[in-house]
Amino acid sequence: MTEDQLDVGVGPWVGDLPDDPRYDPELLAAGDRRNVVDRYRYWRREAVVADLDERRHDFHVAIENWQHDFNIGTVVRNANAFLAAEVHIVGLRRWNRRGAMVTDRYQHVRHHPTIEEFVGWAGGHDLPVVGIDNLPGSRPLETTTLPRRCVLLFGQEGPGLSDAARAACDQLFSIAQYGSTRSINAGVASGIAMHAWIRAHAAAPPS
């Protein structure tokens, strides 16, 4: 699915053109079919990112990428929806962007080749690493308040957090499940955890 297929968008601008450098002349002339909220219609991509940067939240998101996990795109898309400060890809640099639905154009993404390098970065920025995985000893996410400044760390689909990642976590939380499966999709888990942070710390989104 392409970005154009996500939203019917709007046609060419009607009336006098706006005298505002945030607007993109090509989009004004041809229409804006991007999957963006109405307040960003016709804006240049750089202007959208700059406006988002003024409002980004205090949490970061990280996911391990040792097996080219297809869920990374969903994690990036969720991070954009909940306005995470950054997404951190730990492991392989290349990841499948299809699931991101072009939201990676508006979301800061940083690569760390190893868990050790990532942990060093987080420590240098005074960000506790909060692991999300259904592991023995994990505390229920539903009964806690996530730290305001933190990095939410997710593992690969299937194996979950690696041993090195588990050891690096300052805190570890699990998501309650009630069915027969032993785990939930990493992309889904990321959305649940980010929304838990939003409920605890974020104001209502702009109209």
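Modeller: Please do, bearing in mind that this is a predicted model.

Colleague: Which residues lie nearest the centre of the second largest pocket?

Modeller: The lining of this pocket consists of 18 residues. By class, eight of them are nonpolar, seven polar and three charged. Those that lie nearest the centre are Asp133, Asn134, Gly160, Ser183 and Ile184.

Colleague: How much space lies in the largest pocket, and which residues are closest to its centre?

Modeller: The space in the largest pocket is about 680 Å³. Its lining comprises 27 residues, and the closest to the centre are Leu52, Arg55, Asn80, Ala81 and Leu83.

Colleague: Which element gives the largest share of the lining of the largest pocket?

Modeller: Two or more lining residues come from each of helix H3 (45-53), helix H4 (72-81) and helix H7 (186-201). The largest share is three residues, and the element that supplies it is H4.

Colleague: How many residues of that lining are nonpolar?

Modeller: The lining of the largest pocket includes five polar and five charged residues. The nonpolar residues number 17.

Colleague: What does UniProt list for residues 59-195, and how far apart are the end C-alpha atoms of that range?

Modeller: In an unreviewed entry, UniProt lists residues 59-195 as "domain: tRNA/rRNA methyltransferase SpoU type". Over this range the chain is 26% helix and 23% strand. The separation of the end C-alpha atoms is 11 Å.

How values were computed. Residues numbered from 1 in each chain as written. Predicted model: local features only at pLDDT ≥ 70, side-chain atom pairs only at ≥ 80, totals over all residues. Heavy atoms only, no water. 1 Å grid on protein atoms, 1.4 Å probe; cavity = no way out; pocket = protein on both sides within 12 Å on 5 of 7 lines; lining within 4 Å. Points joined across faces, edges and corners; volume = space filled by probe spheres on them. Helix = DSSP H or I, 4+ residues; strand = E, 2+ residues; numbered from the N terminus. Nonpolar A, V, L, I, M, F, W, Y, C, P; charged D, E, K, R; others polar. UniProt positions renumbered as here; feature names shortened; annotations may be inferred.
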